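Here is my note for you to read beside the sequence and the model. Please keep both in view as you go through the points.

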Amino acid sequence: MNILVTGGAGYVGTLLTEELLKNGHTVYVLDNFMYGYESLLHFVDHQNLHVIQKDIRNLEKKDLAGYDIIFHLAAISGAPACDENPFSAQAINTGATKRIVDHIKDSSQLLIYASTTSFYGKDNKDCDEDSPIRVLSAYGKTKYEAEQAVMTRRDSVALRFATLFGNSPRMRNDLMVNDFLYRAINEKTIVIFESFSRRTFMHIRDAVRAYLFTLNNRDRMIGEIYNVGDETLNLTKLDVAEKIKQYVDCEIILSKLSASDKRNFNVSFTKIKRLGFSTRHNIDDGIKEMMKLFSYYRRYCPYKVI
Ligand SMILES: NC(=O)c1ccc[n+]([C@@H]2O[C@H](COP(=O)([O-])OP(=O)(O)OC[C@H]3O[C@@H](n4cnc5c(N)ncnc54)[C@H](O)[C@@H]3O)[C@@H](O)[C@H]2O)c1
């Protein structure tokens with residue numbers, strides 16, 4: 001199949017693109033490369049890979065024609081990045097997504113949207129896909145508005161991913177598990193604000209598996225929103241830190257100050273599990289693989305990689 005991956009040079013997009021190529025698809029990565037080109041270099045010469053440098057804010061109808069599937073990942077990803085660039089976040093996450101939806105409104109191309117569990121927000125329990133949305137950040141707001149626009153089309157699926165962890169060629173050390181582990185290794189301390197706050201996590205390779213699952217089960221999944229993750233990975237910040245402490249000699253410091261990020265929720269994944277999708281990796285898998293990467297950075301890389 002001919003597949004377009006917007007944001008294909010990102011943390012998730014690079015691993016998704018590689019997997020789609022392995023499965024015999026022809027993949028078009030469309031990205032503005034705001035974090036550089038390096039993430040694609042190891043497979044850029046693949047004969048079925050095509051790279052398009054373009055900003056999704058400038059897409060025209062013809063840019064989206066001819067693809068069987070569009071995986072839409074391009075975004076300003078994460079609350080801190082959106083808070084630093086609120087206008088770009090609105091224009092890219094919401095505005096550009098609405099325009100993509102508008103450009104393909106008369107087509108039957110499948111649009112698979114990278115949504116998030118982040119907008120379940122504060123003090124929300126056992127959230128399923130019909131639970132109330134409690135938006136706490138520009139990231140949550142812009143991603144929710146975009147998801148709603150995507151789901152006005154019949155031929156769309158939205159995957160609300162848990163917060164991811166694990167290695168990728170475009171590394172993101174701002175994600176909670178990655179961040180805590182990086183600090184444990186390099187600073188020997190993990191400082192936690194509101195240690196009781198619960199969130200949900202998932203290994204990045206399980207996110208890619210969920211994308212492939214959606215591709216292979218599209219007739220059953222079309223027109224619906226799915227939480228993607230596993231209840232065993234609904235963890236508090238303290239759970240995450242204590243798990244890391246099992247592997248890295250470090251001190252956990254519980255701050256009495258309140259956290260700026262007030263998210264506190266747990267999620268139900270029953271809907272996608274009923275279709276047969278389940279995760280394969282636990283947090284230990286992610287910690288072990290990232291320990292290798294971070295010890296390499298520490299020894300050889302003078303820069304902090306964000
Ligand atoms: N990583 C997570 O934990 C997580 C969890 C839930 C949902 N998501 C969603 O998954 C998607 C991918 O996230 P990620 O972690 O890979 O983030 P990322 O920042 O690594 O990737 C985003 C990619 O989009 C590109 N991009 C940004 N603005 C663009 C623009 N205007 N035009 C073209 N390309 C642009 C960037 O260059 C980057 O390659 C995002 O939509 C994010 O909201 C991520």
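1. Contact here means heavy atoms within 4.5 Å. Leaving aside its neighbours within four places in sequence, L20 is in contact with I3, V5, H25, V27, F71, L212 and L215.

2. This is a predicted model, in which local features need pLDDT of at least 70 and side-chain atom pairs count only at pLDDT 80 or more, while totals for chains, interfaces and linings use all residues. Residues are numbered from 1 along each chain as its sequence is written, and side-chain values use heavy atoms, with hydrogens and water left out.

3. L20 is also among the residues with the most contacts inside the largest nonpolar core, which has 65 residues, and F71, L159, F161, Y211 and I244 are the others named. Helix α6, residues 204-216, gives the most to this core, with 8 residues. Apart from it lies another core, of 25 residues, among them L4, L59, A79 and A146. A nonpolar core is a set of buried Ala, Val, Leu, Ile, Met, Phe, Trp, Tyr and Cys residues joined through side-chain atoms within 4.5 Å, and buried means under 20% relative accessible area, with a 1.4 Å probe and protein chains only.

4. The protein chain has 10 helices and 14 strands, where helices (H or I, at least four residues) and strands (E, at least two) are DSSP runs numbered from the N terminus.

5. Of the 306 residues of the protein chain, 55% count as buried. Among contacts between residues at least 6 apart in sequence, 80% join residues at least 24 apart.

6. The C-alpha atoms of the protein chain fill a box of roughly 55 × 45 × 40 Å, taken along the principal axes.

Methods: Buried means under 20% relative accessible area, exposed over 50%, partly exposed in between (1.4 Å probe, protein chains only).
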